[in-house]
Amino acid sequence: MTGKENFFWIFYGLVLLGLFLLSSTDLIIKEEEAGIYPISVIVGDTTDDQYVNFRKGMERAAIELNGDVSFITLYEKGSARQQREMILREQEDGSQALIVDPVEEGMIAQIRQESRASIPLILINAKPGEAWELENAVSITFDYHGMGRRLGEEVLKEYGAQERVCLLEAESPNGADLLFLQGFCEAMEEEGGLVRTLSCGRGSGTEAFLEEVAQGGPEKAVLVAQDPEGLIWAAQLLAETKEAADLVEGLYGRGNTVSALNYLDKGIVQGLCVTDDFSAGYLSVKAAVELAQNRVVKDTGFLESGYIRREDLRDEKYEKMLYPIE
């Protein structure tokens, strides 16, 4: 074998060895490792009941986009002080993005100013435009004002503009509750409808509550709950107390919990405003990861919501929204 042939085979062998190293090891070209993005979700409720589908959406996005999501609820429902402490703690502990359902309007801007931090922030259910005022922030929300208007229109259609609509106010209303109530009252007032606000809340006791409802006159009351928790409280009362069922002709409100949907299915709740919480959860994590990657995130606008009655529970559109597959 000539020297030229030897050189050829040695060169050929080196080429094969190089190709092997390139294809099977990272000695020459290292593979780019996928980043993991720690994301903290801080919500204002003491339970997770309101966030079942929201969590499902977040978990799906976390798997697909390498997010490491920590879901944190307040020990004291609606405590702005506690939420502030948790936001600051998660920033200091290395979270690369925060998803926050603010319990108090304007608190996020104040925290931003005090801490001088610009960690990516996704606001859930904030007032329209609140995220625009903050650096490195986006908003994921629903048209709660429009939902309230829709409910008011449905109640008017069903019962007319009579003074038998009783409002069960939220004990600690958040931004979504206030917008929902504003839209509902606007729809009623435009048609001359009257709403009687009940002063007896959930903590007043069943007897005091029923006594006030009965003061509306001989006609049965139409009860509208401002918040999801109030709806469940009223539905339980109607289901368990005959005196309550005899006083109330219809119960309306908003909510996506299994309990709310079950009460609708049983006919205890007559109408319900619902939201696409799965998409809200998915898009919030998607936005958090993209902001952590220093990418531009477009405003999503209002996410899908709707008004349903008992017969709509079997509608394919609402089945996918209310019972998403994980």
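1. Asn294 sits in the loop between helix H11 (277-292) and strand S11 (302-303); helices (H or I, at least four residues) and strands (E, at least two) are DSSP runs, numbered from the N terminus. Its phi is positive, near 60°, in a residue other than glycine. With 72% relative accessibility, Asn294 counts as exposed (over 50% relative accessible area; buried is under 20%, partly exposed in between; 1.4 Å probe, protein chains only).

2. A word on the basis: this is a predicted model, where local features need pLDDT of at least 70 and side-chain atom pairs count only at pLDDT 80 or more, while totals for chains, interfaces and linings use all residues. Residues are numbered from 1 along each chain as its sequence is written, and side-chain values use heavy atoms, with hydrogens and water left out.

3. Asn66 belongs to the loop between helix H2 (52-65) and strand S2 (67-73). Though not a glycine, Asn66 has a positive phi of about 65°. Asn66 is partly exposed, at 29% relative accessible area.

4. Now to H6, which holds 16 residues (175-190) and should span 22 Å at 1.5 Å a residue (1.5 Å times one less than its number of residues). The end C-alpha atoms are 23 Å apart, which agrees.

5. Which residues of H6 are buried? They are Ala176, Asp177, Phe180, Leu181, Gly183, Phe184, Ala187 and Met188. These cover an arc of only 165° around the axis, so they lie on the same side of H6 (the arc is that of the directions from the helix axis to the C-beta atoms). The face turned away from that buried side carries the exposed Glu189 and Glu190.

6. After H6 comes Gly192, with a positive phi near 75°.
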